[in-house]
Structures are given as structure tokens and as C-alpha cells.
Amino acid sequence: MKLPGEEESGGMGFPVVYMVIGVAAFVLLILFAVFKSNNSKSGGSEYLRTMQEQQEAEAAAAEAEQAEESEVKLRAEDLDFWDMYPVEEGEASETASGVQEETPEKSGYAEKAELDRQEQQQKEEETNDPSTDGKHTLVTGTDGTEEWVLINPYLTQNTYDFTKIEEKAGLKRYMENGKDTSYVGVDVSKHTGEINFTGMKAAGVDYVMIRLGSRGYSTGQISLDENFTENIEGAIAAGLEVGVYFYSQAITQEEAVQEANFVVQNLEPYRANITYPVAFDMELVSNTTSRVESLSREDKTSVTTAFLEGVEAAGYVPMIYGDKEWLLKEIDLTKLQDFDVWLAQETDIPDYPYQYTMWQYSTSGVLNGIDGNADLNICFVSYSER
């Protein structure tokens with residue numbers, strides 16, 4: 001039904017067209033928005049992908065650099081010579097990371113290093129052995145104790161060749177190129193008893209050392225040997241070379257000078273016949289105490305020096321008598337180098353390291369002219385010709 005005033009038309013009017021255009025524009029707008037959104041999303045993903053690849057590249061570069069550093073930096077366990085320092089079995093060893101781990105056993109190289117170390121240590125111990133180092137000499141005390149004493153290289157060493165010692169009729173002689181260059185001696189005192197000096201000389205004795213006197217080891221009194229006059233006159237009459245010795249127990253230098261003066265006074269009648277030394281004999285007394293036991297080594301040295309200088313000043317040749325223990329431990333030989341030594345050591349070959357001119361090698365010898373034991377000596381110089 002058509003209202004009044006309406007016109008009939010066979011097509012769409014303008015309102016419809018506008019509406020279609022508007023809808024189309026709206027759809028295009030939606031499509032554009034969707035397209036823009038997709039483009040934005042696509043660009044973001046690309047950005048994220050680029051960033052991710054860059055991070056991965058940096059990580060790879062850092063890893064490569066770290067690997068290169070680890071190749072240059074050596075660890076202790078990478079070094080072959082590290083085993084030169086052996087680790088005992090079961091001992092903890094520290095790795096480069098600082099973590100301690102147990103080393104169950106040594107490597108073959110470490111075992112060799114350990115054997116070398118032990119061998120070197122053994123050689124050092126052998127070198128330091130005083131019995132083999134050539135720098136010490138063994139001293140056996142009167143009480144049986146033993147001590148290795150260092151040899152002083154600044155003292156004159158003895159140079160005797162004891163392969164040249166020959167023994168004839170119980171008497172030792174020092175032979176060089178078939179010639180006897182030594183002198184046979186005997187030391188005597190009241191304890192020797194009656195002596196046939198002529199028979200002694202016939203047996204081959206060249207000289208005799210006679211005890212002149214002594215000081216009591218407890219009383220401190222000086223006395224002349226009971227047989228001194230008889231012995232010295234008998235020796236001189238037999239044509240023997242003569243020397244004397246004094247048994248001292250002086251505890252001060254003043255007492256030593258007193259002893260020296262006593263010796264000089266009693267020798268005065270025989271001065272022209274004293275061709276061998278005047279010896280100072282100080283000893284420790286066995287099985288009892290004596291005056292000199294309270295003296296220090298320095299005291300004994302100063303007492304010895306005072307006596308020897310006293311007899312030397314009187315024109316006699318001074319000499320020190322003593323065994324190895326006394327000479328090396330009881331007095332200081334560095335302060336007595338100017339005096340000759342009379343060594344007492346009962347042995348086939350003495351091992352006293354320093355120079356000496358006379359050696360008492362037996363106190364139980366057998367000799368024509370003496371009943372009982374004889375004290376036998378050998379002298380390496382001719383004092384009568386000095």
C-alpha cells in the first residue's frame with residue numbers, strides 16, 4: 001500500500017547506498033587494523049629473534065674464550081714432573097680446585113725419587129759417621145767409656161809409617177831403607193826394683209828415663225824417688241843416655257814452679273849427663289781420688305805450662321808425658337804446641353793423631369837387666385844430638 005505523496009521507484013535509494021558504503025568502509029577499516037596488528041607482531045618476533053641470536057653468539061664467544069684460557073693455564077696435575085715430590089701412601093693431596101683427595105699409591109717415578117732420596121740420606125749418614133770420616137779419633141777412658149774426639153787440623157799430625165816398625169828380641173825399632181833410625185828406651189822408678197844397667201845396655205837399650213820424684217796425690221808432699229840416685233848413677237856408669245820425669249799432683253801454677261825447682265836442684269850434680277828430656281807426668285789416680293781431679297782442663301794446662309817453662313828456663317828439654325785420654329781431653333794441646341810429647345799407649349800401632357817424639361808401648365816387657373815387668377819405649381829422634 002502506497003502512502004499519499006510517495007513515488008514508486010524500481011531501484012535503491014540514496015540512503016541504502018550510503019549504508020552499504022559505510023559498512024564496506026568499516027570492514028576495510030577492520031581489515032586494515034587486523035593487517036597492521038599482524039605486521040606489528042611479525043616485526044616484534046623478528047626483533048626478539050635477532051636479540052636471541054646475538055645473546056647466543058656472545059655466549060659462544062665467552063665460552064670459546066674461557067676454553068682458550070683453560071688451555072693456556074696449566075694445572076699442577078697436568079705437569080709430568082710433579083711426581084718428583086712423592087706423596088706417602090694414603091696421604092691427602094690437594095688438587096688445583098682446592099679439593100683434597102687421597103693418593104692411594106705412588107707413581108713409578110715417585111718411587112724412584114724416594115729411593116734416590118733414601119740412598120742420598122744413607123750416604124750422608126755414612127759421611128757423618130765419626131768412625132769413618134777421618135776427622136775423629138776414638139778415646140777410651142779409664143772407666144771404659146768411649147768417645148769420638150774431633151781431630152784438630154791445626155796441630156801437627158804425626159807422619160810415622162808403622163809398616164816400618166820391626167821387633168827384635170822384644171824391642172821395637174823404626175827402620176828406614178834398612179837402617180835403624182830409632183832409639184830403644186826404658187823408664188824406671190823405685191817400683192822397678194834393682195836394675196843391672198850394664199845388662200840392659202847389652203840387651204840393646206840406648207837411653208833410660210828415670211823418675212826423679214813425685215808429689216803425693218793426697219798429702220801434696222814432694223819427695224825424691226827412693227832409687228833416683230842409685231838409678232841415675234848406674235845408668236851413667238853403663239854409658240846410657242839419661243832423661244828424667246817427675247810425677248806431679250800440683251793444683252796451682254805456684255806448686256808447679258815449686259816442682260820444677262825441685263827437679264832442677266836435684267839434677268844439678270848430673271847436669272852434664274842429662275841428654276834426654278825432663279818430662280812432666282800428671283795422671284788421674286785409679287781406684288781413688290787425687291788432688292788434680294778438682295782441676296779444670298784450663299787449670300791442668302796452666303799447671304803443665306808452668307812446670308815445662310820452669311825446666312826449660314834451666315836449660316833442659318821439656319816434655320809432656322800422657323796417655324791418649326789425658327793428652328786429648330785433660331789438657332789443651334793448642335797451648336802446648338812448643339813442647340815434645342811422650343805418648344803412653346800399649347798397642348801394636350798407636351792411633352794418637354798428633355806428633356810425638358817418644359812412645360811407651362809396653363809396661364809388661366821382658367828385658368835383660370830387669371827382674372819383672374819392664375816399661376819399654378821407642379824414641380824417634382836423637383836428643384843427644386839435638
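Trainee: What span does helix 5 reach from its first C-alpha to its last?

Mentor: Helix 5 covers residues 253-267 and has 15 residues, where helices (H or I, at least four residues) and strands (E, at least two) are DSSP runs numbered from the N terminus. The expected span is 1.5 Å times one less than the number of residues. This is a predicted model, in which local features need pLDDT of at least 70, side-chain atom pairs count only at pLDDT 80 or more, and totals for chains, interfaces and linings use all residues. Close to the 21 Å expected, helix 5 reaches 21 Å.

Trainee: Which residues of helix 5 are buried?

Mentor: Buried means under 20% relative accessible area, exposed over 50% and partly exposed in between, with a 1.4 Å probe and protein chains only. What covers the buried residues of helix 5 includes helix 4 (228-237), strand 11 (241-248) and helix 6 (297-313). The buried residues themselves are Glu255, Ala256, Glu259, Ala260, Phe262, Val263, Val264 and Leu267.

Trainee: Is Gln249 buried or exposed, and what is its relative accessible area?

Mentor: Gln249 is found in the loop between strand 11 and helix 5. Leaving aside neighbours within four places in sequence, Gln249 is in contact (heavy atoms within 4.5 Å) with residues including Glu255, Glu259 and Arg291. Residues are numbered from 1 along each chain as its sequence is written, and side-chain values use heavy atoms, with hydrogens and water left out. Gln249 is buried, and its relative accessible area is 0%.

Trainee: What is the phi of Asn287?

Mentor: Most residues other than glycine have a negative phi. Asn287 is found in the loop between strand 12 and helix 6, and at 84% relative accessibility it counts as exposed. Although Asn287 is not a glycine, its phi is positive, at about 70°.

Trainee: How many aromatic pairs does the structure hold?

Mentor: Rings of Phe, Tyr and Trp (its six-membered ring) pair if their centres lie within 6.5 Å, and planes under 30 degrees apart count as stacked, over 60 as edge-to-face and the rest as tilted. Ring pairs link Tyr160, Phe162, Tyr174, Tyr352, Tyr354, Tyr356, Trp359, Tyr361 and Phe380 into a cluster. The number of aromatic pairs in the structure is 18.

Trainee: What is the arrangement of the aromatic pair formed by Tyr321 and Trp342?

Mentor: The pair links distant parts of the chain, with Tyr321 in strand 13 and Trp342 in strand 14, 21 residues apart. Both Tyr321 and Trp342 are buried. With 4.7 Å centre to centre and 75° between the planes, the pair is edge-to-face.
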